[in-house]
Amino acid sequence: MKRILALDGGGIHGLFSVQILARVEQLFRAEYGKPELVLGEVFDLFAGTSTGAIIATCLSWGMTVDEIEDLYVSKGRDMFVKEPLYRRWKAKYRPDAIAGLFRDVFSEDPEHKIPSLLGTSRLKTLLLIVMRNASTGSPWPVSNNPGAKFNDRTLPDCNLDIPLWQLLRASTAAPTYFAPEEIHVGGQQHMFVDGGITPFNNPALIAVLMATLPAYKLSWPATRINLLDQLEFVIPALLGSISVEQDLICRLLGDCVHGASLDSELQALDTPTLFEAHQQKFTYVRYDRAYRKGPGAIELSPSEAQLDNLRLIPWLQQTGRQYAAENVRREHLFPRQGIRAL
């Protein structure tokens with residue numbers, strides 16, 4: 001069985017996701033009787049967008065959830081250092097501050113002088129980071145998958161040689177918050193911005209496709225997703241926003257064992273719909289909570305819900321833990337009997 005963990009973007013709200021991960025880690029430790037287990041031991045692929053890319057990389061690095069939480073709580077202010085007033089017409093925060101933090105965390109030596117690259121052996125799992133190439137206007141899902149087309153070591157600009165800190169800077173370069181990140185690729189300079197402004201702020205679907213479609217050369221065997229499958233879901237998916245669209249498609253393709261109601265008509269889509277049970281492509285779990293509108297939403301004003309509102313840290317920890325305790329269950333982490341799992 002293969003497991004994918006996908007993490008949305010959302011700035012400091014990533015701390016809410018961390019509380020859910022703490023519960024998942026706790027359940028796996030109890031299941032296997034290993035109090036020191038890290039999620040990198042039980043998941044095969046971590047996918048993340050923006051702040052989710054930070055968490056995904058930390059997990060692939062082998063960090064415990066406590067270590068990731070400490071990074072957000074103790075270094076949160078280091079991620080959001082304001083630009084001088086005369087530069088704020090470009091961006092609100094200094095890119096060198098958050099880049100320096102990434103350099104310190106993801107390095108090959110204790111002095112932080114040798115940056116870890118995407119191809120580093122220190123990553124324990126497959127890792128997928130989503131960003132947007134502002135130069136071409138296209139989403140860029142970049143991974144350490146050794147079979148990927150642009151991870152060929154014979155290429156003069158192999159993606160595996162891009163520093164992790166730079167990829168994370170690119171994926172978290174939210175417009176108005178941080179300036180774009182410039183990366184040299186294929187003999188040209190490209191400007192990259194936050195992956196949250198691609199269709200893959202929820203990177204679950206692109207992670208499944210990377211794991212299964214032959215073009216990506218991982219070819220995990222639990223699915224037969226093809227172009228016709230994808231087209232079949234485009235029309236109903238257009239009923240929602242891009243993020244909801246990705247969630248909806250995953251629920252249609254897979255066996256959704258947990259997820260909040262999408263709306264009053266569709267409900268949670270936690271029973272077979274277009275596919276019969278034996279045809280579903282993977283097991284899917286979605287943990288999420290809206291901050292302003294939707295089923296089970298927490299009422300925050302637009303100003304309170306800002307991605308850089310560090311005053312939310314204690315509240316995110318408390319509400320995240322409560323949500324995780326109420327929603328994350330052991331049975332979500334293993335496929336239902338008779339259902340194949342990716």
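A cavity is here a set of grid points where a 1.4 Å probe fits but cannot get out. In the predicted model described below, a search of the whole structure on this criterion returns two cavities of 30 Å³ or more.

The largest cavity has a volume of about 150 Å³. Its lining comprises 15 residues, and those nearest the centre of the cavity are Gly-11, Ser-50, Phe-80, Thr-172 and Phe-178. Helices α2 (51-61) and α3 (65-79) each contribute at least two residues to this lining. By class, the lining of the largest cavity consists of 10 nonpolar residues, four polar residues and one charged residue.

The second largest cavity has a volume of about 30 Å³. The residues that line this cavity are Ile-54, Cys-58, Leu-71, Met-79, Leu-101, Phe-102, Val-105 and Phe-106. At least two lining residues come from each of α2, α3 and α4 (95-105), and α4 gives the most, with three residues. The lining of the second largest cavity contains eight nonpolar residues, with no polar and no charged residues.

Open space was also examined. The second largest pocket holds about 410 Å³ of space. This pocket is lined by 19 residues, of which Pro-141, Ala-148, Lys-149, Phe-150 and Asn-159 are the closest to its centre. Strand β4 gives the most to the lining of the pocket, with six residues. The lining of the second largest pocket divides into 12 nonpolar, five polar and two charged residues.

Strand β4 (residues 138-143) is also a pairing partner of strand β3, to which six bridges join it in the antiparallel sense. Within this pairing, Val-142 of β4 stands opposite Ile-129. The two strands form a hairpin with four residues between them, in which Gly-137 adopts a positive phi near 80°. With strand β2 (residues 45-49), β3 pairs in the parallel sense over five bridges, and Leu-127 in β3 is the bridge partner of Phe-46. With strand β6 (residues 188-194), β3 runs antiparallel and is joined by three bridges; here Asn-133 stands opposite Phe-192 in β6. Strand β3 (residues 126-133) is largely enclosed by the rest of the structure, because seven of its eight residues are buried.

A search of the whole structure identifies 11 aromatic pairs. In one of these pairs, the ring centres of Trp-140 and Phe-192 lie 5.1 Å apart and the ring planes meet at 70°; this angle is over 60 degrees, and the pair is therefore classed as edge-to-face. The pair links distant parts of the chain, with Trp-140 in strand β4 and Phe-192 in strand β6, 52 residues apart. The two residues fall into separate accessibility classes: Trp-140 is partly exposed, with a relative accessible area of 22%, whereas Phe-192 is buried, with a relative accessible area of 1%. Phe-192 is thus both the residue opposite Asn-133 and the ring partner of Trp-140. Elsewhere, ring pairs connect Phe-28, Tyr-32, Phe-43, Phe-46 and Phe-334 into a cluster. Phe-46, a member of this cluster, is also the residue bridged to Leu-127 in β3.

The cysteines were considered last. A disulfide is a covalent bond between the sulfur atoms of two cysteines. The search of the whole structure finds zero disulfides. Cys-256 accordingly takes part in none, and the nearest cysteine sulfur, that of Cys-250, is 9.4 Å away; the cut-off for a disulfide is 2.5 Å between the sulfur atoms. Cys-256 has a relative accessibility of 2% and therefore counts as buried, the limit for that class being under 20%. Cys-158 likewise counts as buried, at 3% relative accessibility. A further cysteine, Cys-58, is among the residues that line the second largest cavity.

Technical notes
Residues are numbered from 1 along each chain as its sequence is written. This is a predicted model: local features need pLDDT of at least 70, side-chain atom pairs count only at pLDDT 80 or more; totals for chains, interfaces and linings use all residues. Side-chain values use heavy atoms; hydrogens and water are left out. On a 1 Å grid over the protein atoms alone, a cavity is a set of points where a 1.4 Å probe fits but cannot get out, and a pocket is an open set with protein on both sides within 12 Å along at least five of seven lines; lining residues have an atom within 4 Å of a point. Grid points are joined across faces, edges and corners, and a volume is the space filled by probe spheres set on the points. Ala, Val, Leu, Ile, Met, Phe, Trp, Tyr, Cys and Pro count as nonpolar, Asp, Glu, Lys and Arg as charged, and the others, Gly among them, as polar. Buried means under 20% relative accessible area, exposed over 50%, partly exposed in between (1.4 Å probe, protein chains only). Two strands pair if DSSP finds at least two bridges between them. Rings of Phe, Tyr and Trp (its six-membered ring) pair if their centres lie within 6.5 Å; planes under 30 degrees apart count as stacked, over 60 as edge-to-face and the rest as tilted.
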